[in-house]
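Here is a brief report on a single protein model. Look over the sequence and the coordinates first.

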Amino acid sequence: MNIDWAALGQVFGVSLVVTVGMVGVFTLGIVGTSRKPREQGNGTAAATGGPGALARTGAYACFALCAAVVAYGIYLIVA
């Protein structure tokens with residue numbers, strides 16, 4: 001039985017980088033959805049739009065990227 005150690009090392013390296021990257025992207029999504037709108041001077045919440053909406057849109061993009069990577073991984077396994 002021969003083990004191709006170079007190929008095993010490449011698979012390990014790619015798996016490690018993708019895993020750490022996806023955890024980071026998912027974390028950015030969580031942080032983006034946990035943002036609260038800033039309060040204005042008169043005590044009312046800020047209107048929709050602005051930094052809160054931008055953070056939420058970025059968070060949804062992060063979650064969409066995570067879902068796409070998971071779907072691609074399932075495609076690779078099934079095919």
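## Ala 64 and its helix

Ala 64 is partly exposed, at 45% relative accessible area. Partly exposed lies between buried (under 20% relative accessible area) and exposed (over 50%), using a 1.4 Å probe and protein chains only. Ala 64 sits in helix 2, residues 51-78. Helices are DSSP runs of H or I with at least four residues, strands are runs of E with at least two, and both are numbered from the N terminus.

## Basis of the model

The model is predicted: local features need pLDDT of at least 70, side-chain atom pairs need 80 or more, and totals for chains, interfaces and linings use all residues. Numbering starts from 1 along each chain as its sequence is written, and side-chain values use heavy atoms, without hydrogens or water.

## Chain overview

The protein chain has two helices and zero strands. Of its 79 residues, 9% are buried.

## Cysteines

The whole structure holds zero disulfides. A disulfide requires two cysteine sulfur atoms within 2.5 Å. Cys 62 is buried, at 14% relative accessible area. Cys 66 is buried as well, at 11%.

## Ile 3

Ile 3 lies in the segment before helix 1 (5-33). Its relative accessibility is 42%, so Ile 3 counts as partly exposed.
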